[in-house]
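Please have the structure open as you read.

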Amino acid sequence: MTTITNATVLITGGASGIGLLLGTQLLTRGAKQFIIWDINQSAINTVVAELTAKGHQVHGFVVDVTNVTQIQQTLATMIASGITVDILVNNAGIVVGKPFYEHSHADIDNEMAVNTTALMHLTREVLPGMMERNRGHIVNISSAASLLANPRMSVYCASKWAVTGWSESLRIELAQINSAVQVTTVMPYYINTGMFAGVRSPIIPILKPDYVVAQIANAIHGNRMVLRLPWIVNLLPVLRGILPRSWFDVIVGEWFGIYHTMDKFTGRTR
Ligand SMILES: NC(=O)c1ccc[n+]([C@@H]2O[C@H](COP(=O)([O-])OP(=O)(O)OC[C@H]3O[C@@H](n4cnc5c(N)ncnc54)[C@H](O)[C@@H]3O)[C@@H](O)[C@H]2O)c1
């Protein structure tokens, strides 16, 4: 079990969407403080003011998680103020959402950096302290897109496939040395946060953010290795393994409509 009571929780991308809701949920479950790292200064200001007014201990830092120097400097500032991270949630993410042939080189690099390498660099900085204390929990927010190849999100899929592989490997490495540090990999289907605005899913319902964060909080508490949401997402690896790829494309892609979910994607308009 990971103890949420009195824990210090650091969530990247914590100023909106799943990150914000999860931080709030963990505070209501007894966490001591919620540390927000986000690139959006005004969202941080609003959230810190609102949660502080409710009596919570919340600190916000403007950090671009793709910048290793900023990661190191911000962690040094936190350590100097006596802040030690018990639960790290690697949550910040972006989606470009267009055919691969329309991506610029900057689109590719940025999406891979935010969604994949940033998680590795931040974890590389936070993990040694957790290993020394033999305590801590790292939560990596991947996606159901790490379990199939969906059109109009090729680089997003690549970034999340990489996260799932890295996160699982890290978990096994820590288990092999009997470390108490836990790793949870989260793979949700579409969630109604606005990140994937315009997405249409005819068969599998789009997830509600409150449900998702409650499940993630339970997974942290229960030291779950993997959380796939909704339940039917657990079938994806099995179906990919046993069905010929052309059948998989027809059944999952066309009958379930997955391959057309992104056809009307607009994403965030800001
Ligand atoms: N929304 C979905 O349908 C869905 C489904 C599966 C997985 N996910 C994953 O869940 C996570 C959260 O998604 P969300 O829907 O809450 O998104 P969101 O857009 O609501 O929140 C993302 C946050 O990350 C921050 N951010 C973006 N780039 C950053 C950077 N370089 N440095 C620091 N912060 C940065 C943004 O400012 C924002 O506050 C993402 O990793 C996403 O890929 C989302």
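Val68, Ile71, Gln72 and Leu75 in α3 meet Ala118, His121, Leu122, Glu125 and Val126 in α4, where contact means heavy atoms within 4.5 Å. Helices here are DSSP runs of H or I with at least four residues, strands are E runs of at least two, and both are numbered from the N terminus. Six nonpolar, two polar and one charged residues make up the contact of α3 with α4. In this classification Ala, Val, Leu, Ile, Met, Phe, Trp, Tyr, Cys and Pro are nonpolar, Asp, Glu, Lys and Arg are charged, and the others, Gly among them, are polar.

A word on the source: this is a predicted model, in which local features need pLDDT of at least 70 and side-chain atom pairs count only at pLDDT 80 or more, while totals for chains, interfaces and linings use all residues. Residues are numbered from 1 along each chain as its sequence is written, and side-chain values use heavy atoms, with hydrogens and water left out.

Two packed helices are described by the angle between their axes and the distance between the axes. The axes are lines fitted to C-alpha atoms over the stretch in contact, and angles run from 0 to 180 degrees between N-to-C directions.

| Helix pair | Axes come within | Crossing angle |
|---|---|---|
| α3 (residues 68-80) and α4 (residues 105-133) | 10 Å | roughly 30° |
| α1 (residues 17-28) and α6 (residues 209-221) | 9 Å | roughly 55° |
| α7 and α8 (residues 245-255) | 8 Å | roughly 140° |

How are such angles named? Under 35 degrees counts as roughly parallel, over 145 as roughly antiparallel, 65 to 115 as roughly perpendicular, and the rest as oblique.

With axes crossing at roughly 30°, α3 is therefore roughly parallel to α4.

α1 and α6 cross at roughly 55°, so they are oblique to each other. On the α1 side, the contact is made by Ile18, Leu21, Leu22, Gln25 and Leu26, and α6 brings residues including Pro209, Val213 and Ile220. By class, this contact of α1 with α6 has eleven nonpolar, one polar and one charged residues. The crossing of α1 past α6 is right-handed too.

α7 and α8 cross at roughly 140°, and that makes α7 oblique to α8. Leu236, Leu239 and Arg240 of α7 meet Arg245, Phe248 and Val252 of α8. These residues divide into four nonpolar, no polar and two charged.

Which residues are closest to the ligand? Of the 28 residues that surround the ligand, the closest are Asp38, Tyr156, Ile191, Thr193 and Arg268; a residue counts if one of its heavy atoms lies within 4 Å. Polar contacts are pairs of N or O atoms within 3.5 Å. A polar backbone atom of Ile191 is 2.6 Å from an oxygen atom of the ligand. A backbone N or O atom of Ile18 lies 2.8 Å from a ligand oxygen atom, and one of Val63 lies 3.4 Å from a ligand nitrogen atom.

Finally, the backbone. Most residues other than glycine have a negative phi, and most peptide bonds are trans. Leu229 and Pro230 are joined by a cis peptide bond, with omega about -10°. Pro230 sits in the loop between β7 (226-229) and α7 (235-242). Arg152 has a positive phi, near 65°, and its place is in the loop between β5 (137-141) and α5 (154-176).

Key. A crossing is left-handed if the near helix is turned anticlockwise from the far one by less than a right angle, and right-handed if clockwise. A polar contact is a pair of N or O atoms within 3.5 Å; within protein, one must be able to donate a hydrogen and the other to accept it, and residues adjacent in sequence count only if both atoms are side-chain atoms.
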